[in-house]
Amino acid sequence: MTIGLMEVNLADAHGLSKYDFFHKIDPYVLIQYRDQEHKSSIAKGEGSNPKWNQKFTFRVEYPGADEQPKLVFKIMDHDTFSPDDYVGQTTMYLKEVLAVGVEKGKSELLLQKYRVVDKNQSYRGDIRVGLTFTPRKVMHKNLEDGKRANDKIDPYVLIQYKNQEHKSSIANGQGSNPKWNEKFTFRVEYPGADQQPKLLLTIMDQDTFSSDDYIGLTTIYLKELLEQGVENGIAELHPHKYNVVNSSQSYSGEIRVGLTFTPREETETYDEEVFGGWKESQW
């Protein structure tokens with residue numbers, strides 16, 4: 001398996017339209033790859049021909065669980081006094097560009113137009129997008145062993161909740177038994193779009209003269225914790241061990257994590273939904 005970075009170049013759009021023809025749109029784009037999401041700036045006052053000229057980075061595994069990996073671009077119209085309106089979307093299928101990148105060390109799709117369609121598959125304009133995929137080979141290490149070819153690991157952790165991500169400090173020289181004792185805060189919506197909200201913890205080994213190596217991953221499912229927090233006003237999982245597994249689902253050690261979720265009511269902006277308080281991960 002290969003992991004890498006996919007840089008998406010969101011350039012502009014042309015001829016965007018929605019059913020309300022008398023209202024000039026202020027478009028923005030939600031860009032989704034699996035459980036990662038980025039949001040573009042709002043092209044205020046630019047109407048049907050907005051320009052963004054922004055770049056967004058996604059972390060990619062290939063080959064991965066998806067047989068047909070894809071990027072989804074949802075074009076929305078920002079409204080100040082009502083919920084934002086859906087304009088349309090387009091989908092980019094990535095299997096070929098990822099395969100070429102793995103084979104050649106890099107792949108690129110130059111800017112080109114993609115049709116935007118609404119839920120009825122009616123044409124709603126074009127969006128211009130390009131991307132670059134830069135892979136790096138995964139060299140598996142074992143957190144439990146702590147060494148490969150007498151190379152002591154320097155672990156750190158990438159912690160991801162939806163489109164939010166934090167990076168821990170690097171446990172230099174601590175090998176197979178690192179200590180971080182750090183806390184990270186995420187903003188959470190519950191209930192939200194995710195039927196199964198989760199926290200992903202990717203353990204990496206920093207290398208000074210080569211690409212950092214992937215050690216493994218653990219997933220913490222949050223639905224029960226969030227439900228308890230909403231019901232009781234707070235919910236807590238005391239630190240306990242979770243298995244770390246590599247891309248072959250082989251055991252690669254353990255990581256100890258605790259969580260606290262504190263909800264708060266947002267009555268004005270979010271129509272009295274529970275808007276996810278703050279969740280801390282403690283190492």
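## Close-up views of a predicted model

**View 1. The largest nonpolar core.** The largest nonpolar core of this protein is made of 29 residues, and Met-6, Leu-71, Leu-94 and Ile-127 are those with the most contacts inside it. Keep in mind as you look that this is a predicted model. Which elements supply residues to this core? At least two residues come from each of β1 (2-14), β2 (27-33), β4 (51-62), β5 (70-77), β6 (85-93), α1 (95-104), β7 (107-117) and β8 (123-137). The biggest giver is β4, with five residues.

**View 2. Ile-127 and its surroundings.** Here we zoom in on Ile-127, one of the residues with the most contacts inside the largest nonpolar core. If we set aside neighbours within four places in sequence, which residues is Ile-127 in contact with? The list runs through Leu-10, Asp-12, Ala-13, Val-29, Trp-52, Ile-75, Thr-90, Gln-112, Lys-113, Tyr-114 and Val-116. Elsewhere there is a second, separate core, which has 25 residues, including Ile-153, Ala-171, Ile-203 and Leu-225.

**View 3. An aromatic pair.** How many aromatic pairs does a search of the whole structure find? The search finds one. Because Tyr-33 belongs to strand β2 and Phe-58 to strand β4, the pair ties together parts that are 25 residues apart in sequence. Are these two residues buried or exposed? Tyr-33 has 2% relative accessibility, so it counts as buried. Phe-58, at 0% relative accessibility, counts as buried too.

**View 4. Strand β11, covered on both faces.** Strand β11 spans residues 155-161, and seven of its seven residues are buried, so the strand is largely enclosed by the rest of the structure.

View 5. β11 and β14 run antiparallel and are joined by six bridges. Within this pairing, Leu-158 has Thr-202 of β14 as its bridge partner. β11 also pairs with β12, again in the antiparallel sense, over four bridges. Here Gln-160 has Glu-165 of β12 as its bridge partner. The hairpin of β11 and β12 has two residues between the strands, and Lys-162 in this hairpin takes a positive phi near 55°.

**View 6. Helix α2 and its two faces.** Which residues of helix α2 (residues 223-232) are buried? They are Leu-225, Leu-226 and Gly-229. Looking down the axis of α2, you would see the buried residues fall within an arc of 95°, which means that they line one face of the helix. One of these residues, Leu-225, is included in the second core of 25 residues. The face turned away from the buried side carries Glu-224, Glu-231 and Asn-232, which are exposed. After α2 comes Gly-233, with a positive phi near 90°.

View 7. Where does Gln-121 lie? Gln-121 sits in the loop between β7 and β8. Its phi is near 65°, a positive value in a residue other than glycine. Gln-121 has a relative accessible area of 59%; since over 50% counts as exposed, Gln-121 is exposed. Asn-181, in the loop between β12 (164-167) and β13, likewise is a residue other than glycine with a positive phi, near 50°. Asn-181 is exposed, with a relative accessible area of 62%. Finally, look for the cis peptide bond that joins Tyr-190 and Pro-191, where omega is about -10°. Pro-191 is found in the loop between β13 (183-187) and β14 (198-205).

**View 8. Stepping back to the whole protein.** The secondary structure comes to two helices and 18 strands. Of the 283 residues, 43% count as buried. Among contacts between residues at least 6 apart in sequence, 61% join residues at least 24 apart. The protein exposes about 15,500 Å², and carbon and sulfur atoms supply 45% of it.

Technical notes. Residues are numbered from 1 along each chain as its sequence is written. This is a predicted model: local features need pLDDT of at least 70, side-chain atom pairs count only at pLDDT 80 or more; totals for chains, interfaces and linings use all residues. Side-chain values use heavy atoms; hydrogens and water are left out. A nonpolar core is a set of buried Ala, Val, Leu, Ile, Met, Phe, Trp, Tyr and Cys residues joined through side-chain atoms within 4.5 Å. Buried means under 20% relative accessible area, exposed over 50%, partly exposed in between (1.4 Å probe, protein chains only). Contact means heavy atoms within 4.5 Å. The arc is that of the directions from the helix axis to the C-beta atoms. Accessible areas come from the Shrake-Rupley method with a 1.4 Å probe; for residues, only the protein chains shown count as cover. Two strands pair if DSSP finds at least two bridges between them. Rings of Phe, Tyr and Trp (its six-membered ring) pair if their centres lie within 6.5 Å; planes under 30 degrees apart count as stacked, over 60 as edge-to-face and the rest as tilted.
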